[in-house]
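Have a look at the structure first, then read on.

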Amino acid sequence: MKILKVKCLAPTRLDNYLMQQFPALNPGRLNKALRENKIKLNGKKQPLSTRVMAGDEIKLFILDEVLDADKRVEGPAWKNARGPAQVIYDCPQILVVNKPAGLAVDGPEDDTLLNRALLYLNQQGEYKENDLYTPALCHRLDTGTSGLVLIAKTPEAEQLFLEVIKNREVKKTYLCVTFGRPTPPDGTLGGYLLKDADRGIVKIVPDKQPGAKDVETQYETVAVSGRLALLKVRLITGRTHQIRAHMASIGCPILGDSKYGNNTANRELKLKYQALCAWELVLPRFTSLDFADLSGKTFRAPKPWYYQQVLDGTLK
């Protein structure tokens with residue numbers, strides 16, 4: 001955390017003052033930081049348009065690497081990633097990486113999952129900033145969700161994997177902890193998912209409505225611990241916030257989920273991000289010889305920390 005005592009001769013907009021002090025803080029980063037409650041003016045969250053005056057106090061809960069423009073290496077953003085991605089699998093066509101919770105897959109920040117992957121590939125001698133093709137994400141995870149992400153290393157791989165993922169041919173299994181035990185312990189959830197763009201959330205509705213899309217989620221209870229349940233969840237469809245919204249709709253929200261969950265329990269158990277991990281990916285069979293080695297292949301992420309804690313009753 002940094003604490004600034006404002007020193008300016010005339011009232012100045014909060015965003016302009018911060019960009020003067022830290023040139024690395026562009027409008028996109030400032031808006032993101034404000035949404036995440038990382039900017040406090042005199043102890044309160046205030047709009048970026050607020051005028052600051054001499055003597056005001058600003059607290060910034062932003063990493064020093066982001067604030068300190070002098071430390072930034074000139075050139076593409078991936079050169080400033082905090083380190084290379086954790087690689088689960090690497091072959092000429094794809095990279096499978098394990099995303100930690102709290103890291104965005106891409107976006108305005110230098111330190112994103114994609115940039116960490118590009119840094120890894122550069123260190124392996126496989127990618128340079130002037131290459132004709134830049135490796136690309138084949139799908140996404142929410143920032144607060146951990147687990148496996150596929151990255152294409154060639155245009156052909158990008159086209160193929162975008163297609164098979166869109167067609168639901170890649171089987172995705174997640175591990176999660178819910179606040180509440182689902183009844184029955186194993187089941188399939190259906191309905192329709194409706195986006196609320198203004199609030200940035202989705203909701204599950206029982207009947208078809210304009211704009212709503214069908215949604216299907218299978219779950220299996222692995223273990224229970226007090227108020228909590230450890231689940232293995234398989235996506236049949238793959239919609240925005242699908243698992244989070246579906247489990248919340250039956251009264252068993254994901255532990256740590258600030259959008260759809262129980263914030264009292266989240267604070268009590270000190271969960272910063274949702275206990276949700278994209279644990280397993282199973283690829284389909286490919287007819288192309290170029291992708292024959294990937295046919296039917298299964299990838300798994302390391303089990304998240306909460307998996308064992310629910311099994312042994314430490315987390316409850």
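The notes below cover a pocket, a cavity and a helix. Please keep in mind that this is a predicted model. The second largest pocket holds about 230 Å³, while the largest cavity holds about 30 Å³.

**The second largest pocket**
- Its lining is made up of 19 residues.
- Ala-101, Ser-146, Pro-304, Trp-305 and Tyr-306 are the lining residues that lie nearest the pocket's centre.
- At least two lining residues come from each of β7 (94-99), β9 (146-152), β17 (276-282) and α8 (305-311).
- By class, the lining of this pocket has 12 nonpolar, four polar and three charged residues.

**The largest cavity**
- The count of cavities of 30 Å³ or more comes to one.
- Lining the largest cavity are His-139, Leu-141, Leu-148, Lys-172, Thr-173, Tyr-174, Ala-278, Glu-280 and Leu-281.
- Two or more of these lining residues are given by β10 (171-179) and by β17.
- The cavity lining divides into five nonpolar, two polar and two charged residues.

**Helix α4**
- Helix α4 (residues 113-123) is largely enclosed by the rest of the structure, because nine of its 11 residues are buried.
- Those buried residues are Leu-113, Leu-114, Asn-115, Arg-116, Ala-117, Leu-118, Leu-119, Tyr-120 and Leu-121.
- Among the elements covering them are β6 (86-90), β7, β8 (136-137) and β9.
- After α4 comes Gly-125, which has a positive phi near 80°.

Conventions
Residues numbered from 1 in each chain as written. Predicted model: local features only at pLDDT ≥ 70, side-chain atom pairs only at ≥ 80, totals over all residues. Heavy atoms only, no water. 1 Å grid on protein atoms, 1.4 Å probe; cavity = no way out; pocket = protein on both sides within 12 Å on 5 of 7 lines; lining within 4 Å. Points joined across faces, edges and corners; volume = space filled by probe spheres on them. Helix = DSSP H or I, 4+ residues; strand = E, 2+ residues; numbered from the N terminus. Nonpolar A, V, L, I, M, F, W, Y, C, P; charged D, E, K, R; others polar. Buried < 20%, exposed > 50% of the residue type's maximum accessible area, 1.4 Å probe, protein only. Contact = heavy atoms within 4.5 Å.
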